[in-house]
Amino acid sequence: MKTSSSTPIMCLLLLCSACLLVGCGRPPRGDAQTESTTWKFAIEEIEGSVQDAYAKRFAELIESKTDGAIDVTVYPYGALGTSEQITQLARNGAIQFAMASPGHIGKTIPEVQVFLLHHVLSPDNDVNKDVLSYGSPVHQAFEPVYAEKGFQLLGFFPEGWMVWTTDRHIDAPEDMQGLKMRVMSSPLLVQSYKAYGANPTPMPYAEVYSGLQLKMIDGQVNPVFAIEEMSFYEVTDYMIFPRQAQFVASVVANKDFFDGLSPERRQVVEETLGELEDYIYDYQRRVNEERLDIIREKKPDMNMVELTEEQRAAFEALSEPVIGQFKDIAGARGAEILDLLEQEIAAREGETADASSAGGNDD
Ligand code: 6CS
């Protein structure tokens with residue numbers, strides 16, 4: 001599925017599959033079914049994506065660590081519903097695991113929209129990886145926030161820099177005035193693009209290609225791998241690299257299911273999550289690089305625009321008031337998490353700088 005030509009059919013299928021799944025009744029709770037239990041894991045992206053690589057590797061590791069006692073079925077985007085629908089399925093226990101990106105789950109968990117703020121994450125993605133890692137202070141701060149909504153937070157990971165694909169050249173906020181920019185459904189994204197003067201338009205992922213093709217929207221924003229696999233580059237003329245935000249994914253389990261796991265099973269899951277961190281980080285880096293080359297090859301006249309530091313600064317200045325809007329939406333706990341995130345990033349950047357200057361002295 002590389003184009004959205006099958007999108008309307010897919011949407012119908014999604015709803016039917018989701019209803020069927022919910023109709024199947026309660027899922028296995030924890031280890032209740034010890035013989036060949038199936039865990040269902042729904043993702044928000046198509047096969048070959050970063051989330052697909054994560055879920056498939058998770059399935060392989062779980063199956064091998066449990067000698068086949070647990071079988072994990074991965075449902076790619078389109079099999080069970082939209083991002084919001086699969087999150088709901090995980091919340092009500094119809095499935096055990098799901099990807100729940102802040103770009104969508106921010107409507108339910110306002111605090112997680114901290115990852116949608118521009119110019120907050122480090123320009124050094126190695127730093128972001130560490131700060132978001134399993135068991136890190138940021139992860140720990142979010143655990144009770146997710147738990148309140150019925151989710152066990154299993155991890156965050158970056159999927160790549162957000163890149164604009166548009167029908168026009170943009171290197172200054174003036175170029176963005178009135179631009180219909182498709183964004184994911186979390187409210188803070190609307191604020192972020194309004195701050196630049198754009199006309200942000202939330203729309204489901206599956207409708208973006210046709211939205212661009214039919215000129216219902218003028219642009220969209222996603223990491224390079226997604227722009228390639230969803231063919232957004234086919235229906236836009238510019239790829240613009242503002243390096244303002246990473247696409248951050250969150251992995252969740254149904255909380256009752258997770259709480260019902262035996263200590264051994266829980267250990268298997270936790271061990272697996274730890275092992276996946278380097279794997280998925282390397283995977284996203286590689287596919288984002290490779291797929292940029294694929295786009296260049298398939299569409300040599302695609303205009304590539306890398307914003308300069310000065311151009312980025314003009315957008316950054318406009319994005320500052322959005323931090324206040326985030327605090328209004330996410331409250332005191334959201335503000336504390338933002339402080340923690342900034343402190344952790346600064347500390348990790350400091351360590352990286354110290355390590356490289358120490359390395360320099362050795363030379
Ligand atoms: O733009 C979106 O809606 C989607 N983009 C990615 C890269 N992953 C999932 C998300 O739903």
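In helix α5, the buried residues (buried meaning under 20% relative accessible area, with exposed over 50% and partly exposed in between, for a 1.4 Å probe and protein chains only) are Asn125, Val127, Asn128, Lys129, Val131 and Leu132. This is a predicted model, in which local features need pLDDT of at least 70 and side-chain atom pairs count only at pLDDT 80 or more, while totals for chains, interfaces and linings use all residues. Residues are numbered from 1 along each chain as its sequence is written, and side-chain values use heavy atoms, with hydrogens and water left out.

Helix α5 spans residues 125–132 and is mostly covered, since six of its eight residues are buried; helices (H or I, at least four residues) and strands (E, at least two) are DSSP runs numbered from the N terminus. At the start of α5, the backbone nitrogen of Asp126 has a side-chain oxygen of Asp124 within 3.0 Å. In helix α7, residues 187–195, the buried positions are Leu188, Leu189, Val190, Ser192 and Tyr193, and just after this helix Gly197 adopts a positive phi of about 95°.

The ligand sits in the second largest cavity. A cavity is a set of points, on a 1 Å grid over the protein atoms alone, where a 1.4 Å probe fits but cannot get out, and a molecule sits in one if more than half of its atoms lie within 2 Å of its grid points. Around the ligand are Glu44, Glu45, Ser83, His104, Arg182, Met184, Tyr205, Asn222, Pro223, Phe225, Ala226 and Phe247, a residue being near if one of its heavy atoms lies within 4 Å. This shell divides into six nonpolar, three polar and three charged residues.

| Side chain | Ligand atom | Distance |
|---|---|---|
| Ser83 | oxygen | 3.3 Å |
| His104 | oxygen | 2.9 Å |
| Asn222 | nitrogen | 2.9 Å |

Taken alone, the ligand exposes 300 Å², and the protein buries 100% of that, with areas from the Shrake-Rupley method and a 1.4 Å probe.

Ser250 lies in strand β10, residues 246–254, and is buried, with a relative accessible area of 0%. The Ser250 side chain reaches the backbone oxygen of Ala100 at 2.5 Å, and also makes a polar contact with the side chain of Tyr146 at 2.9 Å. A polar contact is a pair of N or O atoms within 3.5 Å; within protein, one must be able to donate a hydrogen and the other to accept it, and residues adjacent in sequence count only if both atoms are side-chain atoms.

Conventions
On a 1 Å grid over the protein atoms alone, a cavity is a set of points where a 1.4 Å probe fits but cannot get out, and a pocket is an open set with protein on both sides within 12 Å along at least five of seven lines; lining residues have an atom within 4 Å of a point. Ala, Val, Leu, Ile, Met, Phe, Trp, Tyr, Cys and Pro count as nonpolar, Asp, Glu, Lys and Arg as charged, and the others, Gly among them, as polar.
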